[in-house]
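Dear colleague,

I am handing over the structure below, and my notes on it follow. Please read them with the structure open beside you.

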Amino acid sequence: MSSDSKTRVVTTYRLREMKARGEKISMLTSYDYSMARIVDGAGVDVILVGDSAANVMAGYETTVPITLDQMIYHARSVTRAVKRALVVVDMPFGTYQGDPKVALASAVRIMKESEADALKLEGGEEILESVERILSAGIPVMGHLGLTPQSIHKYGTYSVRAKEEAEAEKLVRDARLLEKAGCFGIVLEKIPAALASRVASELEIPVIGIGAGGGVDGQVLVVHDMLGINNGFSPRFLRRYADLYAQMTDGVSRYIEDVKSGDFPNEKEQY
Ligand code: KIV
């Protein structure tokens with residue numbers, strides 16, 4: 001955090017300025033201290049403590065099982081490391097889709113116990129009352145439309161969303177509603193590029209895409225996917241910037257060899 005305040009260098013206000021001047025916003029996930037140090041140190045604008053932690057950290061098939069306590073644990077580990085980026089935390093499934101008072105209580109817990117900067121919620125009109133209640137407490141909220149992985153059991157597939165006109169029009173309406181309510185940004189996941197670009201040009205708040213093309217205000221990826229730690233997931237929208245699965249496997253294999261052969265530790269590596 002900056003020395004003279006309790007806010008990080010990147011604020012929701014700064015993201016809006018970036019959109020206004022046409023500067024693209026970079027966003028990546030992190031779930032633990034060590035990764036967050038690397039991601040923040042490299043200069044990313046926004047760090048998302050995504051509920052994708054359920055997949056990449058815990059090995060669940062969906063994001064549904066992760067709990068509020070587990071998200072707070074991940075968020076707290078990340079915020080200890082982050083000095084510059086805005087830290088956004090996903091509210092987990094079941095903590096905001098019902099009673100807005102329960103949503104606010106869950107949101108307050110995350111903010112108090114993790115020292116995050118903002119929260120992200122999946123959905124539009126259906127969760128608007130919860131969004132408004134959380135915003136009324138002064139907590140910044142980011143929307144998430146298009147493919148919303150917490151609804152996997154409703155749709156049964158992770159394929160591209162809003163290809164049909166009715167769903168596309170609902171998405172545009174939902175995006176406008178979220179902006180009007182006071183959300184500071186919206187993630188659009190896995191929708192046609194032309195639709196995402198239309199939403200980004202209609203809204204004043206930043207629109208961050210994942211599998212939503214280049215006509216939006218920024219991009220987000222799951223860090224384990226883009227660094228190739230998770231090598232079993234290769235959707236068309238993913239660009240890999242490293243092959244850490246192979247490099248890490250190689251490092252571990254060489255360590256095993258050195259231990260077995262007695263090469264490690266050598267004389268310089270002991271007291
Ligand atoms: O949980 C997550 O990682 C996300 C991103 C895919 C946007 O919501």
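In strand 5, K120 has M142 as its bridge partner; helices (H or I, at least four residues) and strands (E, at least two) are DSSP runs, numbered from the N terminus. This is a predicted model, in which local features need pLDDT of at least 70 and side-chain atom pairs count only at pLDDT 80 or more, while totals for chains, interfaces and linings use all residues. Residues are numbered from 1 along each chain as its sequence is written, and side-chain values use heavy atoms, with hydrogens and water left out.

From strand 4 the chain crosses through helix 6 (residues 128-136) to strand 5, in a β-α-β crossover that is right-handed, meaning that, with the strands pointing away from the viewer, the path from the first strand over the helix to the second runs clockwise. Strand 4 and strand 5 (residues 141-146) run parallel and are joined by 4 bridges, where two strands count as paired if DSSP finds at least two bridges between them. Strand 3 (residues 86-90) also pairs with strand 4 in the parallel sense, over 3 bridges, and V89 has L119 in strand 4 as its bridge partner. Strand 3, helix 5 (residues 100-114) and strand 4 make up a right-handed β-α-β unit.

How many of the 5 residues of strand 4 are buried? In strand 4 (residues 118-122), 5 of the 5 residues are buried, so the strand is largely enclosed by the rest of the structure; buried means under 20% relative accessible area, exposed over 50%, and partly exposed in between (1.4 Å probe, protein chains only). In a regular strand the side chains alternate between the two faces of the sheet. Here A118, K120 and E122 point one way from strand 4, and L119 and L121 point the other way.

**The nonpolar core**

The largest nonpolar core has 79 residues, and V89, L119, L121, I134 and L188 are those with the most contacts inside it; such a core is a set of buried Ala, Val, Leu, Ile, Met, Phe, Trp, Tyr and Cys residues joined through side-chain atoms within 4.5 Å. Leaving aside neighbours within four places in sequence, V89 is in contact (heavy atoms within 4.5 Å) with residues including V49, M71, I110 and L119.

**Around the ligand**

Which residues surround the ligand? They are T29, L48, G50, D51, S52, D90, K120, H144, I210 and V222, counted by having a heavy atom within 4 Å of it. Polar side-chain atoms lie at 3.0 Å from a ligand oxygen atom for D51, at 2.5 Å for S52 and at 3.1 Å for D90.

T29 lies in strand 1 (residues 25-29) and is buried, with a relative accessible area of 2%. The side chains of T29 and Y31 are joined by a polar contact of 3.1 Å, a polar contact being a pair of N or O atoms within 3.5 Å, of which, within protein, one must be able to donate a hydrogen and the other to accept it, and residues adjacent in sequence count only if both atoms are side-chain atoms. A polar atom of the T29 side chain also lies 2.9 Å from the backbone nitrogen of V223.

**Strand 1**

Strand 1 is mostly covered, with 4 of its 5 residues buried. Strand 1 runs parallel to strand 8 (residues 218-221), to which 4 bridges join it.

With best regards
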